[in-house]
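Subject: Structure handover

Hello,

Here is the structure I promised to pass on to you. Please have it open while you read my notes on it.

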Amino acid sequence: MATATPPRLDFRSDTRTLPDARMRAAMAGARVGDDVYGDDPTVALLEETVAGLLGTEAALLMPSGTMANLVAPLAAAGPPGSPPPRVITGADTHMAFLEADGLRRFGGVELVAVPQRPDGLPDPDALTALLAAGAEGRPTVVCLENTSMMRSGNALDAAATRAVADLAHRYGAHFHLDGARLANAAVALGVPPAELAGPADSVSFSVSKGLGGPVGGLLCGTREYLAHARESRTWLGGSLHQAGIVAAPALVALGRLPELAADHEKAAALADGLASVPGAEVMRPPRPTNMVMARLAGLAADDCATRLAEHGVRVLPLPNGHVRFVAHRSHDMISVHAAVRAVAAVAATLPARPGRQPNEPSPAGEGSVTPMEEA
Ligand SMILES: *Cc1c(COP(=O)(O)O)cnc(C)c1O
């Protein structure tokens with residue numbers, strides 16, 4: 001039987017938080033209606049609050065960020081029955097990894113992956129070439145992820161976002177922002193989330209990542225766009241009746257948005273701690289948020305994750321050979337130190353690298369930092 005790791009030492013994802021007493025009380029006391037009939041007051045309040053936060057005309061609650069990303073391109077194509085769009089997104093994004101199959105099977109959507117730069121932005125030449133080639137009468141949706149999941153959570157600023165939006169718009173494409181962790185980007189950059197969302201035609205926003213809500217994603221955009229999104233949500237099976245039960249803890253989560261800064265401090269302390277472990281390589285993005293990606297020289301990501309789990313620390317092995325640590329609300333500095341100690345303990349069992357004898361004490365600060373440009 002799988003044993004649950006206490007959230008305190010579970011670094012796999014910022015989804016690994018549990019609803020606290022305040023959230024549970026909010027759920028228990030939530031005023032609800034039937035969101036399928038459009039009269040759940042708590043859902044309405046959540047949608048208004050998120051639209052206000054992102055500066056969009058409106059927002060629509062979805063059961064998950066995944067469904068928000070599925071619906072986003074379908075709604076961009078227009079009413080049901082419209083020709084399915086072509087989606088262009090970075091090859092190392094949640095949409096390319098986890099939405100491509102759903103888009104193809106349920107939406108007839110072709111997803112085209114483009115290489116990404118070290119900061120997470122799509123390669124501009126590859127994107128331009130695809131946009132210029134056109135899609136045989138089908139609309140095109142360009143997607144950008146902020147923060148960038150596989151670039152160690154790098155935050156992209158409004159100017160970088162606007163450059164991609166302008167390029168997409170020049171070719172008549174819809175620009176969708178997967179802002180599952182847009183709140184982290186905004187806190188890290190010290191700007192309002194609306195500034196980062198401004199250039200987008202639609203935005204996905206998650207309340208269940210670092211914000212700590214139990215479930216839910218919101219798709220944001222114009223009222224007209226969201227009317228199409230509501231139809232797609234229905235036929236995908238994403239309409240929830242007394243959805244106020246999940247909107248209520250999401251409202252609690254939104255009230256805690258500034259607290260994400262503490263997660264970023266923990267992640268920075270973790271990155272510093274790991275960088276001092278001999279044999280550890282830490283990826284350092286230009287604008288870090290709540291993630292740390294690292295690897296131990298000579299140890300595959302899967303093996304590294306298994307070995308760390310033996311020390312009670314859970315991390316996510318990634319296809320790029322690194323393991324991912326995500327700092328979240330259940331962690332404190334004691335958790336961070338425990339993680340660094342676990343990595344040091346695993347590193348100490350690995351064969352010595354050239355120039356060092358197996359039992360020779362390692363000089364302090366022997367671990368290395370890989371700037372993202374070389375990662
Ligand atoms: C988590 C995540 C999603 C999906 O959100 P779920 O609510 O887990 O379905 C989408 N995009 C990104 C970048 C994410 O990190």
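How many nonpolar, polar and charged residues does the lining of the largest cavity have? By class, that lining has eight nonpolar, no polar and one charged residues. For these classes, Ala, Val, Leu, Ile, Met, Phe, Trp, Tyr, Cys and Pro count as nonpolar, Asp, Glu, Lys and Arg as charged, and the others, Gly among them, as polar.

Before I go on, a word on how to read the model. It is a predicted model, in which local features need pLDDT of at least 70 and side-chain atom pairs count only at pLDDT 80 or more, while totals for chains, interfaces and linings use all residues. Residues are numbered from 1 along each chain as its sequence is written, and side-chain values use heavy atoms, with hydrogens and water left out.

**The annotated stretch**

The UniProt record, an unreviewed entry, lists residues 10-294 for "domain: Aromatic amino acid beta-eliminating lyase/threonine aldolase". UniProt positions are given here in the numbering used for the model, feature names are shortened, and annotations may be inferred rather than shown by experiment. Over residues 10-294 the chain is 44% helix and 16% strand, with the end C-alpha atoms 16 Å apart. Helices (H or I, at least four residues) and strands (E, at least two) are DSSP runs, numbered from the N terminus.

**Cavities**

Rolling a probe the size of a water molecule over the atoms shows where empty space is left. A cavity is a set of points, on a 1 Å grid over the protein atoms alone, where a 1.4 Å probe fits but cannot get out; a pocket is an open set with protein on both sides within 12 Å along at least five of seven lines; and lining residues have an atom within 4 Å of a point. Grid points are joined across faces, edges and corners, and a volume is the space filled by probe spheres set on the points.

A search of the whole structure finds two cavities of 30 Å³ or more. The largest cavity has a volume of about 50 Å³, and L274, A280, A294, R295, L296, C304, V323, F325 and V343 line it.

The largest share, three residues, comes from β4, and β2 (86-90) and β4 (140-145) each supply at least two.

**The largest pocket**

This pocket has a volume of about 450 Å³. There are 31 residues in its lining, and H94, L98, M149, R181 and K209 lie nearest its centre. The lining divides into 13 nonpolar, 13 polar and five charged residues. At least two residues each come from α3 (65-76), α4 (94-107), β6 and β7 (217-221), and α3 gives the largest share, four residues.

Why is helix α10 (residues 244-254) largely enclosed by the rest of the structure? Eight of its 11 residues are buried, where buried means under 20% relative accessible area, exposed over 50%, and partly exposed in between (1.4 Å probe, protein chains only). Those buried residues are G244, A247, A248, P249, A250, V252, A253 and L254. What covers them includes α1 (21-29), α2 (41-54), β1 (58-62) and β6 (202-206).

R256 lies in the loop between α10 and α11 (260-275), and at 9% relative accessibility it counts as buried. The side chains of R256 and D20 are joined by a polar contact of 2.7 Å. A polar contact is a pair of N or O atoms within 3.5 Å; within protein, one must be able to donate a hydrogen and the other to accept it, and residues adjacent in sequence count only if both atoms are side-chain atoms. Not counting residues up to four places away in sequence, R256 touches D20, R22, M23 and R329, a contact being heavy atoms within 4.5 Å.

Best wishes
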